[in-house]
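Thanks, everyone. Let's get started; please have a look at what comes up on the screen.

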Amino acid sequence: MIPVARAAPLVLPLLASGDDTKLRTLMERVDLSNARTEDLDQIPTLINASLCLGDAELCLNLMRFWADTAFSQIRNPAQ
């Protein structure tokens with residue numbers, strides 16, 4: 001599993017090279033279970049990558065994760 005903070009910077013080079021296979025593998029290995037509120041800034045990169053791959057389910061899951069994490073931070077800013 002790859003942390004969000006490590007995975008997000010790898011997305012753009014894979015998109016630029018057109019390597020959808022490696023990008024899909026990377027996206028499948030992103031570990032959202034240990035993501036922190038600091039990772040919120042990186043999630044849009046992953047969402048865009050899922051859109052480029054045409055993976056609607058992954059995109060929806062990432063958007064739900066992003067929204068849940070953002071709203072939980074608003075409710076409990078000390079986390």
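Which residues of helix 2 (residues 20-29) are buried? They are Leu-23, Leu-26 and Met-27. Keep in mind that this is a predicted model. Now look down the axis of helix 2. The buried residues fall within an arc of 95°, so they line one face of the helix. Turn to the other side of helix 2. There, Thr-21, Lys-22 and Glu-28 are exposed.

What covers that buried face? The cover for the buried residues of helix 2 includes strand 1 (2-3) and strand 2 (30-31). It also includes helix 1 (4-17), helix 3 (43-53) and helix 4 (56-75).

Next, helix packing. We describe two packed helices by the angle between their axes and the distance between the axes.

Take helix 1 with helix 2. Their axes come within 9 Å and cross at roughly 165°. Helix 1 and helix 2 are therefore roughly antiparallel to each other. Their crossing is left-handed. From helix 1, Ala-7, Leu-10, Val-11, Leu-14 and Leu-15 take part. They meet Lys-22, Leu-23, Leu-26 and Met-27 of helix 2. By type, the residues of this contact are eight nonpolar, no polar and one charged.

Now helix 1 with helix 3. Here the axes are 9 Å apart, and the angle is about 40°. That makes helix 1 oblique to helix 3. The crossing is left-handed. Val-4, Ala-8, Val-11 and Leu-15 of helix 1 meet Ile-43, Thr-45, Leu-46, Ala-49 and Cys-52 of helix 3. This contact has eight nonpolar residues, one polar and no charged.

That's my tour. Over to you.

Notes:
Residues are numbered from 1 along each chain as its sequence is written. This is a predicted model: local features need pLDDT of at least 70, side-chain atom pairs count only at pLDDT 80 or more; totals for chains, interfaces and linings use all residues. Side-chain values use heavy atoms; hydrogens and water are left out. Buried means under 20% relative accessible area, exposed over 50%, partly exposed in between (1.4 Å probe, protein chains only). Helices (H or I, at least four residues) and strands (E, at least two) are DSSP runs, numbered from the N terminus. The arc is that of the directions from the helix axis to the C-beta atoms. Contact means heavy atoms within 4.5 Å. Axes are lines fitted to C-alpha atoms, for helices over the stretch in contact, and angles run from 0 to 180 degrees between N-to-C directions. Angles under 35 degrees count as roughly parallel, over 145 as roughly antiparallel, 65 to 115 as roughly perpendicular and the rest as oblique. A crossing is left-handed if the near helix is turned anticlockwise from the far one by less than a right angle, and right-handed if clockwise. Ala, Val, Leu, Ile, Met, Phe, Trp, Tyr, Cys and Pro count as nonpolar, Asp, Glu, Lys and Arg as charged, and the others, Gly among them, as polar.
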